[in-house]
Each structure stands twice: as structure tokens, then as C-alpha cells.
Amino acid sequence: MTRRRIPWWIAVLLIVIGVHESGCASRSSSVAEEQLPGSGSAQTGQLETRPQPLEQVVETPLRDVPPAVAELVPDLPLPPAQPETPYLLDVLFDFDQYGLRLDAVTAVETNAHNLTKDANVGQIVLEGRADEVGTSAYNMVLGERRARSVQRYLESLGMSQGNITVVSYGKDRPLCLEHHPDCWQRNRSVRFHVK
């Protein structure tokens with residue numbers, strides 16, 4: 001006759017179940033029994049027990065669940081977007097690039113021509129932006145590099161450096177809020193704002 005061995009994990013499971021069952025039996029016998037008022041052992045010969053309050057049954061209190069991050073950080077309104085100047089074009093860039101492409105050069109030249117004709121132009125702010133891909137810190141740097149490349153080209157066209165200010169919004173103040181390639185292209189840009 002051959003003996004069949006039980007796998008080790010079944011033996012461990014049986015031991016755990018046995019320890020649990022013996023612990024439950026000792027716990028129920030150690031529960032203090034209270035006699036209900038008006039019911040005595042003289043009347044029935046047995047003690048009636050009252051269930052324990054919930055605070056005594058639960059040995060460890062439940063921990064508070066930490067609030068969600070959205071509850072910790074209030075929704076801060078974004079600063080208002082600058083109004084568009086109708087005769088100025090946005091300068092568009094390729095994904096993860098800050099070099100001027102051919103259509104970007106045309107847009108910068110058109111804007112420079114229109115700005116030199118406008119007598120009311122004081123300060124020009126170049127707002128660099130990026131799409132939603134990547135971290136905020138990376139996109140802030142990318143937006144600044146895009147605005148600086150437009151600034152250098154404007155200066156090469158003869159515009160005064162003192163009149164041009166560069167600001168980067170990265171991905172934090174997008175022009176388009178939808179999640180598709182056309183919107184991302186619109187956000188990979190430098191917008192001219194005239195003060």
C-alpha cells in the first residue's frame with residue numbers, strides 16, 4: 001500500500017483553518033455574559049446574554065481614508081487668455097521642435113509687416129505654447145525656446161529687441177482644449193499679443 005502525500009500548501013491551509021477555528025471558540029467563551037434586567041437565572045435556570053456594543057467588537061478602529069488630491073488642491077482659475085489680434089497669425093511648430101519651418105517663417109514675416117504698419121503697437125508679447133504631451137516643466141522650456149526663435153527672427157527682420165517680450169505657457173494655458181491632432185498642432189505655437 002502506497003501512502004499519498006499531501007502538498008505542503010494544503011497542510012499549511014489546514015493548520016491556519018484549525019488555528020482560526022480554535023481562536024474563534026476561545027473568543028466566544030471569553031465573552032462576558034451580562035444578565036438582562038428582569039430575567040434571572042431563578043426563573044429560567046439560564047443566563048440570557050446581551051450582544052456587545054460595536055465599539056468593543058471592533059478591536060482596532062478603521063483608519064481614515066486620505067482625501068483625494070483634488071480635494072487638497074482647490075481649483076484655481078486660469079488667468080484670462082489674451083484677446084486675439086485679427087491681423088496677426090499664430091506661428092506653428094512641429095512636434096517637440098522649436099526651429100522655424102517654412103510656413104512659420106511666412107507667418108512671422110507677415111506679422112512683422114503688419115506690426116510695422118500699425119502705429120498703435122507698443123509692446124509685443126510672444127506667447128510660447130506646447131501640446132499636452134510631456135511634463136509641464138519640459139513644455140515650459142519648449143514654449144520659451146519657440147518664442148525665442150520667433151524673437152530672433154523678428155530681430156533679424158529689423159524689429160527692435162526692446163519692444164519684444166517672451167513668455168512661455170507650456171501646456172498650462174492651451175489655445176485648444178480638445179484631444180485630437182488638429183488641436184495639438186494649434187497648441188504647438190507662438191501667439192503674438194500686442195499691448
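This is a short tour of the structure, one selection at a time.

The model is predicted, so local features need pLDDT of at least 70 and side-chain atom pairs count only at pLDDT 80 or more, while totals for chains, interfaces and linings use all residues. Residues are numbered from 1 along each chain as its sequence is written, and side-chain values use heavy atoms, with hydrogens and water left out.

**Whole chain.** Show the chain as a cartoon. There are seven helices and four strands, in the order α-α-α-α-β-α-β-α-β-α-β along the sequence. Helices (H or I, at least four residues) and strands (E, at least two) are DSSP runs, numbered from the N terminus. Of the 195 residues, 25% are buried; buried means under 20% relative accessible area, exposed over 50%, and partly exposed in between (1.4 Å probe, protein chains only).

**Helix H1.** Select Trp9, which is found in helix H1 (residues 8-30).

**Arg191 and Asp90.** Select these two next. Their side chains meet in a salt bridge (2.9 Å, N to O), meaning a side-chain nitrogen of Lys or Arg within 4 Å of a carboxyl oxygen of Asp or Glu. Which parts of the chain does the pair tie together? Arg191 lies in strand S4 (residues 189-194) and Asp90 in the loop between helix H4 (69-72) and strand S1 (91-92), so the joined parts are 101 residues apart in sequence. Arg191 is buried, at 8% relative accessible area, and Asp90 is partly exposed, at 22%.

**Helix H6.** Move to residues 136-156, where Glu144 and Arg148 lie four residues apart, about one turn of the helix. The two form a salt bridge, with the closest N and O atoms 3.5 Å apart. Glu144 is partly exposed at 35%, and Arg148 is partly exposed at 34%.

Between Asp103 and Arg101, the closest N and O atoms are 2.7 Å apart.

**Last stop.** Select Arg173 and Tyr169. The charged end of Arg173 sits over the ring of Tyr169, 4.1 Å from its centre; this requires NZ of Lys or CZ of Arg within 6 Å of the ring centre and within 35 degrees of the ring normal.
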